[in-house]
Amino acid sequence: MERVVLFFVTLLNLSLAGCHPKPEDEPVQTASSIIVKTSNAAEGVAARSEVLETVVFTGNDILWFNETTKELCFKNNFSSSPLNNPFLYARPAIRFYIHDEYLFSTIIVTGLSSRSYNELVFYYSIPENKYFLVDGYPPGLSGAQEERDENMRKIAGEWNRFIEQLKKEGRYKN
């Protein structure tokens with residue numbers, strides 16, 4: 001009986017050991033220059049008063065971005081993320097910066113959104129519990145790809161700077 005218990009304990013330990021990534025599997029990352037903010041001003045409207053921006057996350061919160069799948073993976077699965085704050089969705093635009101230099105804005109959407117977007121969106125997939133930076137929502141919308149491609153061309157330079165910064169910081173996968 002003791003051998004059977006020892007066998008199962010050993011088997012359990014081996015299976016649990018496989019669930020944790022080895023330190024050498026994790027990418028080496030440097031301090032990040034990427035900052036993502038939301039503001040109290042409506043997008044594209046000149047504010048009469050001071051614009052207050054709040055940092056939503058920084059590149060230090062990003063584990064990696066996969067350009068093939070467009071998934072943005074956060075450390076600790078970002079479960080306590082400010083992005084999970086329902087009040088953020090009242091101001092659904094977030095702005096990406098490198099240091100203090102503005103790159104581009106995205107709209108925050110979830111799978112519950114009934115509206116379509118043909119510009120860059122920061123999409124949260126509720127069933128997968130994953131974040132994505134995609135060229136529009138919903139994916140594969142018939143007749144929308146040409147407009148989505150044009151909108152991505154408009155920010156191509158800034159997008160490429162963002163991708164290069166992720167690569168430089170060791171936060172890029174392809």
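**View 1. Helices α2 and α3 pack against each other in this predicted model.** Helix α2 (residues 145-154) meets α3 at an angle of about 70 degrees, and their axes are 5 Å apart. Because angles of 65 to 115 degrees count as roughly perpendicular, that is how α2 sits relative to α3. To find the contact, look for Met152, Arg153 and Lys154 on α2, and for Ala156, Glu158 and Trp159 on α3. Sorted by class, this contact has three nonpolar and three charged residues, with no polar ones.

**View 2. Helix α3 lies across several strands of the sheet.** Here you can follow α3 over β1 (34-39), β3 (62-66), β5, β6, β8 and β9. Relative to β6, the helix runs at about 90 degrees.

**View 3. Nine strands make up an open sheet with mixed pairing.** Reading across, the order is β2-β1-β5-β6-β7-β8-β4-β3-β9. The edge positions belong to β2 (53-58) and β9 (172-173); each has a single partner strand, so one side of each has no neighbour in the sheet. Further in, strand β5 (residues 93-98) pairs with β6 in the antiparallel sense over six bridges, and Ile94 stands opposite Thr106 in β6.

**View 4. Strand β7 is paired with β6 and with β8.** With strand β6 (residues 101-110), the pairing is parallel and spans four bridges; Ile108 has Phe122 of β7 as its bridge partner. With strand β8 (residues 130-134), the pairing is antiparallel and spans five bridges, and Ser125 stands opposite Lys130 in β8. Four residues separate β7 from β8 in their hairpin, and Asn129 in the turn has a positive phi of about 55 degrees.

**View 5. Both faces of β7 are covered.** Five of the five residues in this strand (121-125) are buried. In a regular strand, side chains alternate between the two faces of the sheet. Here, Val121, Tyr123 and Ser125 are on one side, with Phe122 and Tyr124 on the other.

**View 6. The largest nonpolar core has 24 residues.** Phe57, Leu72, Phe96, Phe122 and Phe162 have the most contacts inside this core. Helix α3 (residues 156-168) supplies the largest share of the core, four residues. Zoom in on Leu72 and, leaving aside residues up to four places away in sequence, you will find contacts with Phe57, Ile62, Trp64, Phe65, Phe122, Tyr131, Phe132 and Leu133.

Key:
Residues are numbered from 1 along each chain as its sequence is written. This is a predicted model: local features need pLDDT of at least 70, side-chain atom pairs count only at pLDDT 80 or more; totals for chains, interfaces and linings use all residues. Side-chain values use heavy atoms; hydrogens and water are left out. Buried means under 20% relative accessible area, exposed over 50%, partly exposed in between (1.4 Å probe, protein chains only). Helices (H or I, at least four residues) and strands (E, at least two) are DSSP runs, numbered from the N terminus. Two strands pair if DSSP finds at least two bridges between them. A nonpolar core is a set of buried Ala, Val, Leu, Ile, Met, Phe, Trp, Tyr and Cys residues joined through side-chain atoms within 4.5 Å. Contact means heavy atoms within 4.5 Å. Axes are lines fitted to C-alpha atoms, for helices over the stretch in contact, and angles run from 0 to 180 degrees between N-to-C directions. Angles under 35 degrees count as roughly parallel, over 145 as roughly antiparallel, 65 to 115 as roughly perpendicular and the rest as oblique. Ala, Val, Leu, Ile, Met, Phe, Trp, Tyr, Cys and Pro count as nonpolar, Asp, Glu, Lys and Arg as charged, and the others, Gly among them, as polar.
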